[in-house]
Amino acid sequence: MFDFRFNSSSGKELTPSNSTLVLRLILTMTPLHECKQGLSLVTIQAYAKPLQPKFCGVGKSSCMEGGIGFYFYASLYLWALGSGGVKGALPALGGDQFGYKDEAKKLATFFNLFMLSSTLGATIGVTVVVWVSMNKGWYWGFFISTMGSLVGFIVLALGKPFYRLQVPRDSPLIRIFQVIAVAIKNRSLSLPGSSAELYEISEKESAFTNEKISHTKQFSFLDKAAILGKGTKAEPWKVCTVTQVEEVKVLTRMLPILFSTIIMNTCLAQLQTFSVQQGNRSMDRNLGSFPVPAPSIPAIPLIFMSILIPLYEYLFVPFARKITKHPAGITQLQRVGIGLVLSAISMTVAGLVEVKRRHYALAHSPLAPGGISLFWLSFQYAIFGIADMFTLVGLLEFFYREAPAGMKSLSTSFTWLSLSFGYFLSSIFVEIINAVTARIAPSKLGWLHGLDINQNNVNLFYFFLAILSCLNFVNYLYWASWYKYKTEEPDTKVQVEEVNKAPLIENENGSKVTTEEASSVQTEENKEKVSSLPLIENENGSKGYN
């Protein structure tokens with residue numbers, strides 16, 4: 001890994017390479033700034049009465065109309081844009097701070113601590129912020145979130161002189177489209193007999209790039225993008241290097257792993273949705289004399305994760321490392337697999353708890369006080385919290401370590417893409433299950449047909465997700481065994497900044513070169529001079545140059 005550092009306060013003039021690093025840092029900070037702006041707009045609307053919509057009646061699904069609606073949705077989309085950028089950029093930025101030699105152990109620790117910090121922040125959000133919002137006012141809850149985002153932005157900016165940043169390259173999406181487009185254009189060409197005949201930059205040129213990836217035989221149809229035809233100049237959109245083709249292959253191999261984790265995030269979405277409804281119906285939400293707000297129920301898995309992540313990092317990993325000899329204790333795909341198994345167990349437990357809760361609710365009046373304890377939900381949440389700890393961190397580390405050097409941010413974003421797909425799939429499952437069960441059920445009502453959770457069959461839906469999770473795990477096992485980890489090669493990267501800083505000297509012809517280049521030229525000239533000298537015989541009979 002490059003050790004690129006810069007300090008804009010040093011008073012030195014920014015070189016072109018340094019200016020690109022500044023641009024990279026600005027682009028990293030921009031999503032956090034957008035997130036802060038979105039929260040600021042929501043805070044203002046929650047406080048200002050003229051910006052709040054008027055009640056429009058029970059029949060309408062939304063009262064957000066006109067300029068007020070535009071303001072509201074614009075602030076939400078701005079916040080979502082910033083939040084998505086932060087989640088995609090921060091893991092890659094943190095991973096870039098570790099050098100090649102110490103990457104294996106410290107990188108795994110970083111992702112565990114990254115997950116811990118996110119969990120602690122979410123815990124504060126669903127406890128302290130929720131309590132303030134419900135007791136002091138919604139705008140105070142948004143204001144706290146805005147100030148937290150502002151503090152995070154300032155801390156990130158203060159660390160600017162100490163960050164190790166990768167030199168920006170071409171857009172990863174453009175590089176992917178180039179490979180696909182050129183491979184389609186060359187589809188009628190035949191692949192050469194040897195991969196050495198495919199186009200690749202020279203060793204001298206590759207010294208100034210982030211990474212050079214060796215050729216693999218998988219997805220050989222993409223290799224046609226690296227065929228340089230006769231009379232064709234080596235230009236973008238006409239030919240791609242072997243390294244560029246291999247980058248696309250690496251991302252393609254990751255896609256089955258990505259899709260195999262969507263079902264788990266679907267289960268997470270259902271737990272977060274129905275658990276709040278369960279807590280509001282026939283459950284005792286009192287913690288001693290303190291009533292627990294229903295929106296704070298998701299704090300249960302977060303608290304478990306806050307406790308378990310340090311135990312995993314400082315107890316389990318050292319113990320597993322002695323047995324497996326793996327720097328992280330277990331491989332990233334093994335970690336994800338454990339999480340998928342635990343998510344299936346969690347959904348089974350959730351179904352059993354719902355059977356108990358629903359049985360009590362139907363046996364008592366809905367207005368009757370009390371009910372089974374809210375902390376029955378802690379069983380399913382605790383198991384799922386452990387599953388999330390294994391899977392989420394395992395995916396972040398897997399996507400970061402396996403991604404090509406110029407696609408770290410894109411690859412780590414796959415983790416959050418899986419989360420988004422899971423939530424969308426959750427809504428689709430609810431509609432499909434309702435439609436199918438309404439046709440086959442004797443009552444002609446779907447499992448999730450109404451707003452009253454006591455009249456629904458959420459337990460059957462949980463059992464359905466548990467079975468689906470088991471089938472998904474079998475699918476994951478196939479793709480995890482098929483996947484081949486990227487081969488780690490010796491670190492032969494050259495620090496471009498150090499080359500740029502090398503002192504220049506002037507040749508006899510007036511051109512300027514670095515001292516290292518001049519030294520190599522002089523060495524070659526000396527060899528030529530020596531080889532032109534006549535050989536003479538020494539006293540001991542050996543021959544040498546005069």
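Start by selecting Thr412 and its neighbours: leaving aside residues up to four places away in sequence, Thr412 touches Gly88, Pro91, Ala92, Leu396, Phe399 and Tyr400 (contact means heavy atoms within 4.5 Å). This is a predicted model, in which local features need pLDDT of at least 70 and side-chain atom pairs count only at pLDDT 80 or more, while totals for chains, interfaces and linings use all residues. Residues are numbered from 1 along each chain as its sequence is written, and side-chain values use heavy atoms, with hydrogens and water left out.

**Stop 1: Thr412 and its helix**

Thr412 counts as buried because its relative accessibility is 0% (buried is under 20% relative accessible area, exposed over 50%, and partly exposed in between, with a 1.4 Å probe and protein chains only). Now colour helix α12, residues 408–440, where Thr412 lies. Helices (H or I, at least four residues) and strands (E, at least two) are DSSP runs, numbered from the N terminus. The 33 residues of α12 reach 48 Å from first C-alpha to last, close to the 48 Å expected at 1.5 Å a residue (the expected span is 1.5 Å times one less than the number of residues). Look along α12 for a kink of about 30 degrees, centred on Thr415; the bend at a residue is the angle between axes fitted to the seven residues ending there and the seven starting there.

**Stop 2: helix α2**

Next, select residues 66–95, which form helix α2. Its end C-alpha atoms are 44 Å apart, in agreement with the 44 Å that its 30 residues should span at 1.5 Å a residue.

**Stop 3: the cavity**

How many cavities of 30 Å³ or more does the structure hold? There is 1, and the largest cavity has about 50 Å³ of space. Here a cavity is a set of points, on a 1 Å grid over the protein atoms alone, where a 1.4 Å probe fits but cannot get out, and lining residues have an atom within 4 Å of a point. Grid points are joined across faces, edges and corners, and a volume is the space filled by probe spheres set on the points.

To show the lining, select Ala108, Asn112, Tyr312, Val317, Ala328, Ile330, Thr331, Gln332, Arg335, Gly394 and Glu397. At least two lining residues come from each of α3 (103–135), α9 (299–324), α10 (332–363) and α11 (377–402).

**Stop 4: Val393**

Stay with α11 and pick Val393. Val393 is buried, with a relative accessible area of 1%. Not counting residues up to four places away in sequence, Val393 touches Phe111, Asn112, Met115, Arg335 and Asp388. Of these contacts, Asn112 and Arg335 also line the largest cavity.

**Stop 5: two positive phi values**

Most residues other than glycine have a negative phi. Phe219 is not a glycine, yet has a positive phi of about 50 degrees. Find Phe219 in the loop between α6 (203–206) and α7 (242–259); Phe219 is partly exposed, at 21% relative accessible area. Trp237 lies in the loop between α6 and α7 too, with a positive phi near 70 degrees. Trp237 is partly exposed at 45%.

**Last stop: the whole chain**

Zoom out to see 15 helices and 8 strands. Of the 546 residues, 41% count as buried.

Conventions: On a 1 Å grid over the protein atoms alone, a cavity is a set of points where a 1.4 Å probe fits but cannot get out, and a pocket is an open set with protein on both sides within 12 Å along at least five of seven lines; lining residues have an atom within 4 Å of a point.
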